Amino acid sequence: MASVPSLASTLQQQLADALTAALPDAGTADPLLRRSDRADFQANGILALAKKLKGNPRELASQVTAALPAGDLIKDIEVSGPGFLNITLTDRAIVETLAARAADGDRLGVPPKAAPGTTVIDYAQPNVAKEMHVGHLRSAVIGDAMVQILEFTGENVVRRHHIGDWGTQFGMLIQYLFEHPDELRHGGDQADGEAAMSSLNRVYKASRVLFDSDEEFKARSRDRVVALQAGDPETLAHWQRFVDESKIYFYSVFDKLDMEIDDPDIVGESGYNDMLEETCRILEETGVAVRSEGALCVFFDDVKGPDGNPVPLIVKKTNGGYGYAATDLSAIRDRVRNLKADTLLYVVDARQSLHFKMVFETARRAGWLNDDVKAHQLAFGTVLGKDGKPFKTREGTTVRLEDLLDEAVERATAVVREKAEKVGLSEEEIVENGRYVGVGAVKYADLSTSAVRDYKFDLDQMVSLNGDTSVYLQYAYARIRSILRKAGDAKPAAHPELDLAPAERALGLHLDQFGAVLEEVAEGYEPHKLAAYLYQLASHLTTFYDQCQVLSDENPAEVVENRLFLVELTARTLHQGMKLLGIRTPERL
Ligand code: ARG
């Protein structure tokens with residue numbers, strides 16, 4: 001593993017050193033290096049520094065220029081405007097840096113973090129005996145991308161799927177199963193997700209009807225909740241059947257999403273059951289929570305209802321039951337104490353933001369969170385229909401996740417099929433690529449806007465070949481792979497001695513920023529910035545194709561090799577970036 005500093009960071013360092021050399025008294029100053037339209041980079045930091053020191057900025061800029069080391073990095077540097085530095089790098093430096101990246105395998109010269117921490121990420125958390133919908137899509141897709149990205153940076157990542165598998169609603173379901181033991185058929189050859197969900201649905205509906213119409217069944221259901229919470233083995237065994245059946249269904253959906261979820265990482269609400277009492281006791285003893293109208297509550301100065309009265313976080317209800325908050329607080333204790341987390345990340349709908357605000361604040365008051373152990377909600381917005389309202393079926397019901405994925409794959413397969421003959425794809429490849437394009441389209445649409453914003457679910461746009469879509473990126477990748485296949489004996493090879501065309505430089509400088517972008521994405525939990533980077537990369541590639549022929553008899557052999565080298569590194573960067581977003585890049589499209 002070879003860490004390759006980016007050109008920008010090397011330049012930044014040289015400028016900072018030159019600033020210190022020119023002005024020994026100034027201390028460390030940031031040269032504020034940015035990409036620029038006029039040159040490769042512009043340094044704007046001298047202006048502020050000159051102001052601070054009451055000096056002449058243009059003069060200071062010249063001094064800094066003079067203090068820069070001689071070497072192969074900078075081709076041209078000029079003082080412009082009131083005291084900016086415009087800097088152009090040598091073509092040699094660009095190609096040599098990229099060659100070092102290319103020699104570093106999948107990591108592309110991006111070093112892992114020097115001091116990784118442990119992040120527990122809570123994502124992909126559907127609910128037992130319930131269908132998954134578009135909200136669960138977002139948590140799964142964004143969460144999975146963050147897992148991959150954080151792991152790539154070297155962070156220790158622990159996954160937690162906080163499924164809804166506990167609570168009073170199970171009393172009704174379990175009681176029904178006691179009375180109709182054969183209703184929930186599972187296992188055997190029928191163990192496919194759809195079958196599992198439809199049997200769960202059947203039981204759910206039938207038990208609901210009984211619960212609403214039969215007072216005695218209602219009473220038996222209530223007793224069943226008590227038995228469940230008391231850990232009665234027979235009751236637990238029936239509960240387990242619901243969980244198992246639901247998992248068959250979850251896995252079938254995650255599989256459709258082309259996403260790996262591991263059983264030991266599924267630790268649902270029930271997993272913290274044994275801690276609830278202790279959590280409440282600690283909160284009460286430390287005075288973080290107080291009794292109010294029989295319930296155990298935590299109050300906040302800034303959380304008030306419409307009537308102006310404070311709205312508490314209820315950790316234990318008046319009837320003695322524990323709710324969502326008690327579970328989440330116990331989960332925090334577990335994740336901090338047992339999993340040794342220093343960061344807790346929650347990929348959860350923005351509509352739960354108040355809940356998490358209160359839970360985190362409570363945990364801070366209790367000392368479970370502090371300056372060394374932080375929690376953050378990566379909140380996401382709502383998926384909207386074309387009408388701009390929350391996405392619903394034509395009948396007004398929530399959209400089932402499987403249906404939505406099936407339709408995306410169907411559309412994408414049609415798109416793939418249109419070009420299939422020209423590319424020479426077999427039927428098998430059409431089906432496989434259709435799946436990767438369809439699922440990729442859905443994931444990319446979700447990941448390419450900032451998470452907290454709502455977005456419109458528009459399949460036509462998502463599978464469009466033009467514009468900011470995954471298909472566009474997948475085609476960019478496949479096109480490079482096709483060029484590399486056609487290259488015959490010519491192999492990619494870096495030639496630092498060559499002059500680069502403007503489109504080659506632009507592509508090269510963008511390639512060099514991969515690591516810096518990933519760092520920013522990981523720091524701020526912003527996968528949409530990786531999507532934007534990859535889209536820009538594909539756009540640079542398109543311009544490069546317009547202006548530079550790769551395989552042309554008119555090109556000298558070194559030019560062909562150097563261009564093959566550039567596109568090959570572009571392909572690898574696209575592949576790695578897409579992989580981190582959970583999206584496949586088929587070899588031929
Ligand atoms: N199961 C919940 C839902 O479907 C999401 C759980 C989020 N995670 C948590 N620790 N509360 O809305």
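Helices (H or I, at least four residues) and strands (E, at least two) are DSSP runs, numbered from the N terminus. You are looking at a predicted model, where local features need pLDDT of at least 70, side-chain atom pairs count only at pLDDT 80 or more, and totals for chains, interfaces and linings use all residues. Residues are numbered from 1 along each chain as its sequence is written, and side-chain values use heavy atoms, leaving out hydrogens and water.

**Stop one: two leucines in loops**

Start with Leu-108, in the loop between helix 4 (91-102) and strand 5 (118-122). Its phi is positive, about 55 degrees, although Leu-108 is not a glycine. Most residues other than glycine have a negative phi. Is Leu-108 buried or exposed? With 3% relative accessibility, Leu-108 counts as buried (buried means under 20% relative accessible area, exposed over 50%, partly exposed in between, with a 1.4 Å probe and protein chains only).

Now jump to Leu-32, in the loop between helix 1 (7-22) and strand 1 (33-35). Leu-32 isn't a glycine either, and has a positive phi of about 50 degrees. Leu-32 is partly exposed, at a relative accessible area of 31%.

**Stop two: the ligand**

Select the ligand and show what surrounds it: Asp-122, Gln-125, Asn-127, His-136, His-162, Tyr-324, Asp-328, Tyr-346, Val-348, Gln-352 and Phe-356. (A residue is near a molecule if one of its heavy atoms lies within 4 Å of it.) This shell divides into four nonpolar, five polar and two charged residues. Here Ala, Val, Leu, Ile, Met, Phe, Trp, Tyr, Cys and Pro count as nonpolar, Asp, Glu, Lys and Arg as charged, and the others, Gly among them, as polar. Helix 11 (324-337) and strand 10 (343-349) each supply at least two residues of the shell.

Zoom in on the side chains. An N or O atom in the side chain of Asp-122 is 2.8 Å from a nitrogen atom of the ligand. For Asp-328, a side-chain N or O atom is 2.7 Å from a ligand nitrogen. Gln-352 has a polar side-chain atom 3.1 Å from an oxygen atom of the ligand. Taken alone, the ligand exposes 350 Å², and the protein buries 88% of that (accessible areas come from the Shrake-Rupley method with a 1.4 Å probe; for residues, only the protein chains shown count as cover).

**Stop three: helix 12**

Next, colour residues 353-365, which make up helix 12. Its buried residues are His-355, Phe-356, Met-358, Val-359, Phe-360, Thr-362 and Ala-363. They pack against helix 10 (276-285), strand 8 (295-298), strand 9 (313-316), helix 11, strand 10 and strand 11 (374-380), where contact means heavy atoms within 4.5 Å. After helix 12 comes Gly-367, with a positive phi near 85 degrees.

**Stop four: helix 8**

Move to helix 8 (residues 215-230), where the buried residues include Phe-217, Ser-221 and Leu-228. What do the buried residues of helix 8 pack against? Their partners are helix 6 (169-179), helix 7 (193-213) and helix 9 (233-256). Gly-231 follows helix 8, and its phi is positive, near 80 degrees.

**Last stop: Leu-401**

Finish at Leu-401, in helix 13 (residues 401-423). At 0% relative accessibility, Leu-401 counts as buried. Leaving aside neighbours within four places in sequence, Leu-401 is in contact with Met-132, His-133, Leu-137 and Val-253.

Terms used
A polar contact is a pair of N or O atoms within 3.5 Å; within protein, one must be able to donate a hydrogen and the other to accept it, and residues adjacent in sequence count only if both atoms are side-chain atoms. The expected span of a helix is 1.5 Å times one less than its number of residues.
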